[in-house]
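Q: I am new to this structure. Please take a close look at one part of it, the salt bridges, and walk me through them.

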Amino acid sequence: MPAPHWPLRTGLAVLGAPAAAIGLAIAIARRAPLDDALDRLYAGMFIGVLAQLLLLGGSLLLGTRAAVPMRRAVAVTHAWAGMIVGLVLFVVCLTGVFAVLKQEVRYWEMPSERQAPAPRPDLDALLHAGQARFGDAASLMIQLPDGLRRHAIVASAGGRPATGQAALVLRADDARPMPATRGGAAELLVTLHNTLHAGFPGRVVVSLFGFALAFLVVGGVANHPRRSPGLLRLRIGADVRTLALDVHKLLGLWLSPLLLLIAVTGIFSGLGALATVNLAPHAFPDDPRRAMQALMDNASFPALGQPAAMSSLNALVDRHRQAHPGFQVESVAILHWGDAQAYATLRGHGAGQLSTGVFERFHYRLRDGALLRHDSAAQRGPWTQAFIAIQPLHFAQYGGTASRWLHAAGGMAAALLAASGTWLWLRRRATPDRPLAWPRRIAQGVCLGLTLSCSVLLAMTCLTPDAMPDRPALQAWALWGSWLASAAGFAWPGHGGRRTTAALRLAGLLLWLAAIADLARQAGHPLAAQLPALAFDLLLILAGTLTWRLARFSFRHPS
């Protein structure tokens, strides 16, 4: 058992480590020997978070050797910490699969938007369509096809509709209107991952669970024997507990680098905005608002008030692509159209570049195509570059489709780790005298309830047309209603093992139904437009098979 003062030390660590880390971050933001104030701010954030991780881990384990062996102390800490945070981690990690595959989910749920990639977007046609819609507006934003979004979006500059008019959704090659579609399955699940549907406070809470995931991964790897027989051991024919333990150890050990990447970038993904706001008065004492201005560094070239002939947008973008062949243009903003100082801002990113279109910009004058300015994350300080790289790393935007599917596998593995760890903890501590009925029912309501509700949502999405006006509301009812109903069902006294089996089998059937329904509606459509949806259908079939196989095992605790 841990030392008698271990609970007190744990409480002090949980409270003291963040306080010490915040003090260190403030000191660095104020006085670090860096010329760039923004770089000092993010140096304070990164070093403060790293210090908090080290202080938290050291405070929990320091001094336990006198009472118990270090390996035992790590095992006890890992088990209890996993039980405390495991259920929320399961929710965050399972929905993180959909957040990483947001493009695929959106493409899958909107069959009317599926089309083969356009060989070459016609920017001039899109510009004329936008000017006709918004009354010859001098400033427009054109979002080009990006990944699996094969259509273009035209709106007033800044992305806000002008005079109450909605943005145009057009085919990229000829500016014809796309059919109106409605759906919110992807947004429901992605928002659950990002903020738990609790706004900015929820985003911060989710980021804090990045600390928990990193701590659990490091503790699990440290406690793993890492001997040759156990590195690949998976005892298929053994009892359920032994098999679950082997799966838990294998996933945690072999995927630990990816899980640590997801956990650490998840910490900064939400805390970055909070740190920017709270450290800005220390890095920019004269005017804290300069922190966001320095981060965004938006270029602005005022109009001259002199009319001039405008060059072709198609020709401008073609010249840009010839000069920068590795740069993928995501959007084009047109400012002061018709003026001698009119310019176009091309946003995007380079191949493998750890940045986003928010920070990668080329500004061209429209009357002669001259380059006015080039903004890039590469021009920033090293700590600011590291902050800019967080989002591409966390949401797998650095390696195209392959990186997204790799991170999706990591998210699924993290969800299985959280669920299996919680189940093993409950199974080990349940006795005939202490069956732990309510902890088991809560775990079933969260883990199995969310799994079943996601299956209901996907099946309902695939069985309803994407032109239905009430489809988003029905999807919300499907997710929350089925989750609440399944949680209530698990809370009802009775035979929990049978309910577990029924829930897993029903989830598997619904996932198969969603995949089959989508395959049926793809018949007769071009294969090039359906391939991304086919990949997601395969994922649903594999997930349905996994849940059906899990239903073979009894989740009853010994009695």
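A: Asp 375 is buried, because its relative accessibility is 3% and buried means under 20%. The model behind this value is predicted. The partner of Asp 375 is Arg 373. Their salt bridge brings the closest N and O atoms to 2.6 Å. Arg 373 is partly exposed, with a relative accessible area of 28%.

Next, look at helix α18, which covers residues 496–521. Here the side chains of Arg 521 and Asp 518 form a salt bridge. The N to O distance is 2.9 Å. The two residues sit three apart in α18, so about one helical turn separates them. Asp 518 is buried, at 0% relative accessibility. Arg 521 is partly exposed, at 23%.

Now turn to Asp 173 and Arg 171. They also form a salt bridge, and their closest N and O atoms lie 3.6 Å apart.

Finally, the wider count. A search of the whole structure finds 14 salt bridges. Among them are Asp 375 with Arg 373, Arg 521 with Asp 518, and Asp 173 with Arg 171.

Definitions and conventions:
Residues are numbered from 1 along each chain as its sequence is written. This is a predicted model: local features need pLDDT of at least 70, side-chain atom pairs count only at pLDDT 80 or more; totals for chains, interfaces and linings use all residues. Side-chain values use heavy atoms; hydrogens and water are left out. A salt bridge is a side-chain nitrogen of Lys or Arg within 4 Å of a carboxyl oxygen of Asp or Glu. Buried means under 20% relative accessible area, exposed over 50%, partly exposed in between (1.4 Å probe, protein chains only). Helices (H or I, at least four residues) and strands (E, at least two) are DSSP runs, numbered from the N terminus.
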